[in-house]
Amino acid sequence: MAAAAWRARLLLALVVLAASPAAARARATALIVFGDSTVDAGNNNAVRTVVRSDFPPYGRDFPGGRATGRFSNGRVATDFYSEALGLGRAFVPAYLDPAYGIRDFAAGVCFASAGSGLDVATSTVFRVIPLWKQVEMFREYKARLAAHLGAAEAQAVVSGAVYAISIGTNDFIENYFALTTTRFLEFTPAEYTAYLVGLARAFLAELYALGARKIGFTGLGAIGCLPLERARLLGGGCAEEYNAAARAFNAGIRDMVAELAGELPGADLRVAEVYDFFAGILRDPARYGFARADVGCCGSGVYEMGYTCSAWDARTCADAGRYVFWDAVHPTDRANGIVADYLLNTTFARFS
C-alpha cells in the first residue's frame, strides 16, 4: 500500500514537472537568430561596412565590458532568451565570430546583420549581410552541425530549436522613407508593406523547408518614436507616418503567419507582438524605472549611432539603466531585458 502511494505521488510530481514553464523551456534544443541590429551579436565585425559597434562605449555593460558588435551597452533581447530558455549561457554567439566554433553554435547561433532587411535592396545601402546570405550561412551551419553531431542528432537540434527573427525596421527607416534606393518610386507605402510581407512569407517557408518548426517573428516597434526620428522632426514628437507603416506591417505579418501556419504541417509559427508594449514604455518610462525615453544615453542622444557614438564624448550618461535607448536607435541592456521578458512570456517560452 505504501509503495503504491509512493508511486502515485511520484507520477503526480512528474506530471506537474512536465507541465511547468521550466520544463517547457528545457525542451528547446537551441536558439537560432536571424535579423538586423536589434539582434546582431557581432556578425558585422567581419563585414566591410560602417554599420559597426565593435568599439567602446558599446558593450561597456556586457559581461567582461567587451564591445562585441552588439548595438547596445550590453546584451540584446535574444541574449536574454538564451539564458531564459536554459541553453547554458547568457548570450548567443555570432556565426562569424572567430572566437566560437560549431561546438558553441550547437546550443545557439546568430546570423543577423545590423543594417539588413527583408528587402535585398536595404542591405545594399550599407553593404551588410542580406537575408538570403543569412539563410546560406544557416545551410552551412546545418552541414557543420551534422559533421559535428551526426546527421540524426543535428536534425533533432534543428527541428527542436526556437527561431527568433527580428527584421523590417531598416526597410522603412533606412530604405523606403530615407529615399536611399528606388523603392519609394516603385511602391506606395501600402504596396511596399505588402511586398515586405510577401518576402517574409517566402523566408518563413524556406526556413520550414530547411527544418525549422518553432519560429517567432518579432513585429516592429514604434519606429517613428526612435530618438533619431524625433530629432528629425525638430519638435520632439514621433513620426506618425513611420508608426503607421509599422502598424500596417505588423497587421500584414499577423495575417500572413496565420495563413501560412495552416499550410505547413507541424509548424508552430508565432508573431511576437511588441508594438503596444514598447509604446507603453515610451509613453510612461517612469513606470518601468526609466528617466528618459526621448533621447539616448550616448552623446547628445539624438543622432549618435555606430561610429558617431564615441568613447570620448563626455556627454554620454553614467547610468544607461535610466535610459530606454542606448544610442539614437537601439535600446539599452535594461530595456532589452524588459522587452525580452515580455516576449518570452507571450511568445518565445511558449513553444512546446
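Tutor: Gladly! One term to begin with: buried means under 20% relative accessible area, exposed means over 50%, and partly exposed lies in between, with a 1.4 Å probe and protein chains only. This is a predicted model, in which local features need pLDDT of at least 70, side-chain atom pairs count only at pLDDT 80 or more, and totals for chains, interfaces and linings use all residues. Residues are numbered from 1 along each chain as its sequence is written, and side-chain values use heavy atoms, with hydrogens and water left out.

Student: How many disulfides does the count come to?

Tutor: A disulfide here is a pair of cysteine sulfur atoms within 2.5 Å. With the bonded cysteines numbered in sequence order, the pairing reads 1-2, 3-6, 4-5. By the distance rule, the count is three.

Student: Is the disulfide of Cys225 and Cys238 right-handed or left-handed?

Tutor: Cys225 and Cys238 are joined with an S to S distance of 2.1 Å. Cys225 sits in the loop between strand E4 (214-218) and helix H11 (227-232), while Cys238 is in the loop between H11 and helix H12 (240-261), 13 residues apart; helices (H or I, at least four residues) and strands (E, at least two) are DSSP runs numbered from the N terminus. The torsion about their S-S bond is about 115 degrees, so this disulfide is right-handed.

Student: How many residues apart in sequence are Cys297 and Cys317?

Tutor: The sulfur atoms of Cys297 and Cys317 are 2.0 Å apart and form a disulfide, left-handed with -105 degrees about the S-S bond. Both cysteines lie in the loop between strand E6 (292-296) and strand E7 (323-325), and the parts tied together are apart by 20 residues.

Student: What is the relative accessibility of Cys309?

Tutor: Cys309 forms a disulfide with Cys298, the sulfur atoms being 2.0 Å apart. The torsion about that S-S bond is about 110 degrees, so the link is right-handed. Cys298 is buried at 1%, and Cys309 also counts as buried, with a relative accessibility of 1%.

Student: Which cysteine has the closest sulfur to that of Cys110?

Tutor: Cys110 is buried, with a relative accessible area of 1%. Its sulfur is 20 Å from the closest cysteine sulfur, too far for a bond, and that sulfur belongs to Cys309.
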